[in-house]
Amino acid sequence: MNTISLSPATVLPDGGIKLSATLSYGFHSEKQYLIVQAKDKKPQQLTHSGDVWSIIFLHKMMEVGGQFHIKSTLSKSLWRGIDRYVKAWCQTNPDQYRDIELTADELVDDSDSTVKQKAISCFSGGLDACFTAYRHAKALAGPQSLPLKACLMLHGADIRKDYVDEWRAASADARSMVEDLGLDFYTIETNFRDMHCDYGMAYFSMLVGCMRVFEKDFGYLMLGNDGMFTSFLYPHGSNPVTNHFLSSAANEIVTDGAEFGRIQKAALVSKWEKGLEKLRVCWQGDNLSSNCGKCAKCKRTIINFKAVGIDALPCIPALTEEELFDFELTQVEQKEMLPVLEYLEHHPITPTPSWVQKLKNKLSAGIQESKPRKRGFFARLFRRRKKQTPVNIVRPNN
Ligand SMILES: [Zn+2]
């Protein structure tokens, strides 16, 4: 029988709380840990049960397929949602995932549960996370506004767990942003990536599993979505189709802000001084705790903020206009930059700055498809088996 076994929670000398569990299947096992740093929280205030570990191990279990037993409790409504999630992923990625049958020592009837009116949100310091944290902390989301009280940053996600210096710098910046909004800042160190799941597909389950550590205190577990309803990737780790299946009677998974593009997100974050100072969008630079100013994402971010009136973004090194537009225009850049021109039509800057014409020239030159690079051995080995498809790309008329 394949099993998930939990080890007792331990308090570390620095006050961190270590939760761990092992997935055993066939002759294999995966040991996972979560080291939680959350103010004065005691182990008994955290969830260390099947509600956390069934989600952390979910994609690995789907890779293996078959029967799995959790030697712990599992909320019955989450058990139901997991089955929907699994069925959806098996149907969209049949070469990658297999159906699972999940049992637990006890399925807890949570049908009478109510959703506690407090929200926690994942926070990386990026534009999606900043937009979600800012608009909920300031109650700017209209009927969607949630009582956001804390943000959670993961060490071992985009910043590897052995990149200690970069983590210290990036998490210190993130803490200053979150506390600037009057929210609590929690962190979890995870070795999730040691399981070598297809990270692009599995990262959302890692985020939800980690947020569920706090499910007793927070009814809403939130994530700023990185795609729009009109153009999200599917199948892809986080998406507005399957994310909510990991909700339960007491905890609603909120995929936030998918009706907004990066230009609208920049427009809102431009009103947040600390956000402009500490925003972290770069994943290609030599130091992941800061923005390199050289990669296309850094440059796209500068252009987005220029369009909303921030001419010199303090968190990214200044560039000349020539440097700013020296990037390869791929579909990704085109998808993000066309809405900038559309935004400027409705929010013109007068007199029109010279960079606007340079952006128009860049876009009218069209996509520069570089020659496909020959895939290396590991790239071939780990390449996605099924191509992701943008649901639709909305193009403005001009
Ligand atoms: Zn960069």
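Two residues are in contact if their C-beta atoms, placed from the backbone, lie within 7 Å. The model shown in these views is predicted.

View 1. R300 counts as buried because it has 21 C-beta neighbours inside 10 Å, and 20 or more are needed. H28 lies 272 residues from R300 in sequence, and 44 Å from it in space, C-alpha to C-alpha.

**View 2. Strand β6 and its two partners.** Strand β6 covers residues 119-122. Strand β7 (residues 148-155) runs parallel to β6, and four bridges join the two. Here I120 faces A150 of β7. Strand β9 (residues 220-224) also pairs with β6 in the parallel sense, over three bridges. There A119 stands opposite Y220.

**View 3. The two faces of β6.** In a regular strand, side chains alternate between the two faces of the sheet. A119 and S121 lie on one side of β6, with I120 and C122 on the other. All four are buried, and both faces are covered.

**View 4. A right-handed β-α-β unit.** The unit is made of β6, helix α4 (residues 127-137) and β7.

**View 5. I120 in the largest nonpolar core.** This core has 104 residues. I120, C151, L152, M211 and V213 have the most contacts inside it. Helix α6 (residues 199-211) gives the most to the core, with nine residues. Beyond neighbours within four places in sequence, the contacts of I120 include C151, L152, M211 and F214.

Definitions and conventions
Residues numbered from 1 in each chain as written. Predicted model: local features only at pLDDT ≥ 70, side-chain atom pairs only at ≥ 80, totals over all residues. Core = buried A, V, L, I, M, F, W, Y, C linked by C-beta atoms within 7 Å. Buried ≥ 20, exposed ≤ 12 C-beta atoms within 10 Å, placed from the backbone. Pairing = 2+ DSSP bridges. Right-handed = clockwise from strand over helix to strand, strands pointing away.
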